[in-house]
Amino acid sequence: MKTLAALLLMTSAASAGMPGVPNEARAKINWQLGCQGCHLADATGSANGAPSMAGDVARFLSVEGGREYLTRVPGVTNAAVSSDQLAELLNWTLATFDSDHLPADFTPFTGEEMAAGRAHPLVGEAPTVRAALRKKFPAEKSAAGGGK
Amino acid sequence: MKDLDKLSEGMVRRLARMNSRRGVLATIGGLITGGAMFPVLPVARASGPATGSGYDGVTPQSTGNPMDPGDPASCDYWRYCGIDGFLCSCCGGGTNSCPPGTEMSPITWIGTCLNPADNVNYIISYNDCCGKPACGRCLCNRNEGERPMFRPQLNNDINWCLGTASAAYTCSTAVIIGVALKEGQG
């Protein structure tokens, strides 16, 4: 157990910290337990299932309503973790799977923000809202990620 | 009476003429040795009574790793704490692999199980194998930590053959994908 703790300390020190992620190991475990089953280990998702997030999830931050959408999407609002850990998990997801699109002035999500989003969850309308937001994404040279 | 005497004498003498004494001893010795060796043959073990917690007619297995204790062909194996289905270990596959001709579903339900060897909780992914009819052997339904349908990512009554060419469920694996931390640890 001591070696494990030491290992965790080393890994978290080596990655020099992601914004808004106090405990990367915990965030990864929460990802594995709550998200990876459907979004897959590399966040590429599946056809007719959980959408892909790899290489484009942080682009939602660049359009109006996108940040709010990320706090209200069903997979986030239903996650079986506290709002503080949910903020950590979302910040970890953005930094891990789409660091290229993470804005330089990115303000990490907080527990309060996640709690506010959870109070107004998207349900059946989530795919429609997502498609509308994706249409507003600024154009890119190479179309990264699966355009759903 | 005399005839019976003669008849039996004749039979015994014929038997004695045709068989050597040493030959009889060798045959008896062979039978004793052979009988002792017979249960050691794999066929005898496979059809023998179930040992420990295994299933009838299923040969006990071992990972060969003392840190991964138990019998993967038994429902009591530690990684199966949240499983609901047929064990691929009994179906031509293993805890980490699918039987030939089936496809492992990339979409899974994931939980944690306590490894008794090191008392650490490991993150287990219950990948279903899909594409052939249900295996039907070694049904194991433990469901520890399973949650109702309104937490679909933690429910194992769903057919998790999603993202595979066929949605036909064959059997279930239990793959270690990580180590979990206790609440408040790290």
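Reader: Before we start, how are residues and chains numbered or lettered, and what limits apply to a predicted model?

Author: Residues are numbered from 1 along each chain as its sequence is written, while chains are lettered from A and ligands numbered from 1 in the order in which they are written. As this is a predicted model, local features need pLDDT of at least 70 and side-chain atom pairs count only at pLDDT 80 or more, whereas totals for chains, interfaces and linings use all residues.

Reader: What are the scores of the model, and what is the mean pLDDT of chain B?

Author: The model has an ipTM of 0.70 and a pTM of 0.71. For chain B the mean pLDDT is 85, and 90% of its residues reach 70 or more; pLDDT is the predictor's confidence in each residue, from 0 to 100.

Reader: What secondary structure does chain B have?

Author: Chain B has three helices and eight strands, in the order α-α-α-β-β-β-β-β-β-β-β along the sequence. Helices (H or I, at least four residues) and strands (E, at least two) are DSSP runs, numbered from the N terminus.

Reader: And how much of chain B is buried?

Author: Of its 186 residues, 30% count as buried. A residue is buried if 20 or more other C-beta atoms lie within 10 Å of its own, exposed if 12 or fewer, and partly exposed in between, with C-beta atoms placed from the backbone.

Reader: Turning to the contact, how many residues does it take from chain A and from chain B?

Author: The contact takes 16 residues from chain A and 15 residues from chain B; two residues are in contact if their C-beta atoms, placed from the backbone, lie within 7 Å. On the side of chain A that touches chain B, helix H1 (2-14), helix H2 (24-34) and H3 each supply at least two residues. The largest share, six residues, comes from H2(A).

Reader: Which residues of which core touch the most other members?

Author: In the largest nonpolar core, of 36 residues, these are B:Phe86, B:Leu87, B:Cys91 and B:Cys171. A nonpolar core is a set of buried Ala, Val, Leu, Ile, Met, Phe, Trp, Tyr and Cys residues joined through C-beta atoms within 7 Å. Beyond residues up to four places away in sequence, B:Cys91 touches B:Phe86, B:Pro99, B:Cys135, B:Arg137, B:Thr170 and B:Cys171. A second, separate core of 25 residues includes A:Ala27, A:Ala43, A:Val76 and A:Leu86.

Reader: A:Leu86 is in H6(A). Why is that helix called largely enclosed?

Author: H6(A) is largely enclosed by the rest of the structure because 11 of its 15 residues are buried. Among them are A:Leu86, A:Trp92 and A:Phe97, and the cover includes H2, H4, helix H5 (74-77) and helix H7 (111-118) of chain A.

Reader: What about A:Ala43, is it buried or exposed?

Author: A:Ala43 is buried, with 22 other C-beta atoms within 10 Å. It is found in the loop between H3 and H4 of chain A and has a positive phi of about 65° although it is not a glycine.
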